[in-house]
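Please look through the sequence and the model below before reading on. This briefing walks through a selection of side-chain contacts and the surroundings of the residues that make them.

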Amino acid sequence: MIKIYTAIKAKLINIGIIKYRRATQLTVLSLLSISVMSASVVSHSVMATEGGGVGIYPDGLDNYLSGVLPPPGVHVLLYGGNIHYNQLRGNNGSRLPVPGFKVNVNVLAPRLVLVTDQQIMGGQLAYHTIVPLLSVTAEAGGKRSDSKGIGDITFGPALGYHPAPDLGYVIGLDISAPTGSYNRHDPSSPGKNHWAFQPVWAISYFPAYGYNTDLKVMYDFNLKNKKTNTTSGRAFHIDYALGWGFGNGLVAGVGGYAFQQVTNDSGPNSAQGKASAFGLGPSVRYANDKGLLVALKWQKDLIVTNRPAGSQLFLKVALPF
């Protein structure tokens, strides 16, 4: 039993499940900068955070193994998901009367991770980039807008640490570049039209058998959208997961996120309030000794103010090669 336990733990590290999840994350990994989720079908003045009340990072994207860095080498991960919003919440969390409001985002995002042999401050140096391919539909008030294309690309460095066989943590910096197309009059635009910087710290405790816990902490620094002359406020947010490992590579439990905008927007397109949200849902992941990793998560937005509310489904896959 001890041999099996040790082998599974070692393989989990070698599989390359990092976050970005953290479970596949490397870090920082701001995975899937689906900032596109920002579809703001209503007046920006109604919502916090310019562009519809959601930030540069798809909240709740990461869950298990978000703080685990894979072994040296090049690793390819695939993220897929669906983000669906069908409500708008105001300052006190009440539903805003916007007829027919609906935002739907389908995403496929390949992620390339390079883990080096170089050590800096005791941590293993790594780099990553993720390119989100998006299909966005936004509806409200009888009007509909559709867009498809590349969203804002995220990249950055990270340092990974493994203080114990079943404990790992990552620190890094995710940089979101305004590569996605943007039209201030089109709420389905795939891009946000501004740079953003996101320090990240993620930690994972992942015994093969027993409780698994993960926490990913992020802080957003947004630069100015030059087409609107507006800067979205800074935001603090976390992804979390708690599950039970069955000793065979399977972990099942719950995961979610918490988001809190810390500073107000500035500029002519500023919102009138700060956004906040909390989400929760079931999460499972499976990893075998051949290098296969599959993680699936569904979550629902439960407590929301000054931003859209709905549900999200995220899938992460790492295939051995």
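Glu 139 has a relative accessibility of 23% and therefore counts as partly exposed, where buried means under 20% relative accessible area, exposed means over 50%, and partly exposed lies in between (1.4 Å probe, protein chains only). This is a predicted model, in which local features need pLDDT of at least 70 and side-chain atom pairs count only at pLDDT 80 or more, while totals for chains, interfaces and linings use all residues. Residues are numbered from 1 along each chain as its sequence is written, and side-chain values use heavy atoms, with hydrogens and water left out.

**Salt bridges**

- Across the whole structure, a search finds 4 salt bridges, a salt bridge being a side-chain nitrogen of Lys or Arg within 4 Å of a carboxyl oxygen of Asp or Glu.
- Asp 146 is partly exposed, with a relative accessibility of 44%, and together Glu 139, Arg 144 and Asp 146 are linked in a network of salt bridges.

**Contacts of Arg 307**

- The side chain of Arg 307 forms a salt bridge with that of Asp 59, at 3.1 Å from N to O.
- Arg 307 belongs to strand E14 (residues 307-318), whereas Asp 59 lies in the loop between helix H1 (2-15) and strand E1 (73-89), so the pair ties together parts that are 248 residues apart in sequence; helices (H or I, at least four residues) and strands (E, at least two) are DSSP runs, numbered from the N terminus.
- Both Arg 307 and Asp 59 are buried.
- The charged end of Arg 307 also sits over the ring of Phe 259, at 4.7 Å from the ring centre, a description that requires NZ of Lys or CZ of Arg to be within 6 Å of the ring centre and within 35 degrees of the ring normal.

**Aromatic pairs**

- The structure holds 5 aromatic pairs, for which rings of Phe, Tyr and Trp (its six-membered ring) must have their centres within 6.5 Å, with planes under 30 degrees apart counting as stacked, over 60 as edge-to-face and the rest as tilted.
- Among them, Tyr 209 and Trp 244 form an edge-to-face pair, with 5.3 Å from centre to centre and 75° between the planes.
- This pair links distant parts of the chain, as Tyr 209 is in strand E9 (residues 209-222) and Trp 244 in strand E10 (residues 235-246), 35 residues apart.
- Tyr 209 is partly exposed, with a relative accessible area of 48%, and Trp 244 is partly exposed as well, with 29%.
- Another pair joins Tyr 240 and Phe 278, whose ring centres are 6.1 Å apart and whose planes are at 15°, so the pair is stacked.
- Tyr 240 in strand E10 and Phe 278 in strand E12 are 38 residues apart, and their pair links distant parts of the chain.
- Tyr 240 counts as buried at 17% relative accessibility, whereas Phe 278 counts as partly exposed at 31%.
- Tyr 209, Tyr 211 and Trp 244 form one aromatic cluster.

**A loop residue**

- Asn 288 lies in the loop between strand E12 (276-287) and strand E13 (293-305), and its relative accessibility of 17% makes Asn 288 count as buried.
- The side chain of Asn 288 reaches the backbone nitrogen of Leu 292 at 3.0 Å.

Key: Polar contact = N/O pair within 3.5 Å; in protein donor to acceptor, adjacent residues only side chain to side chain.
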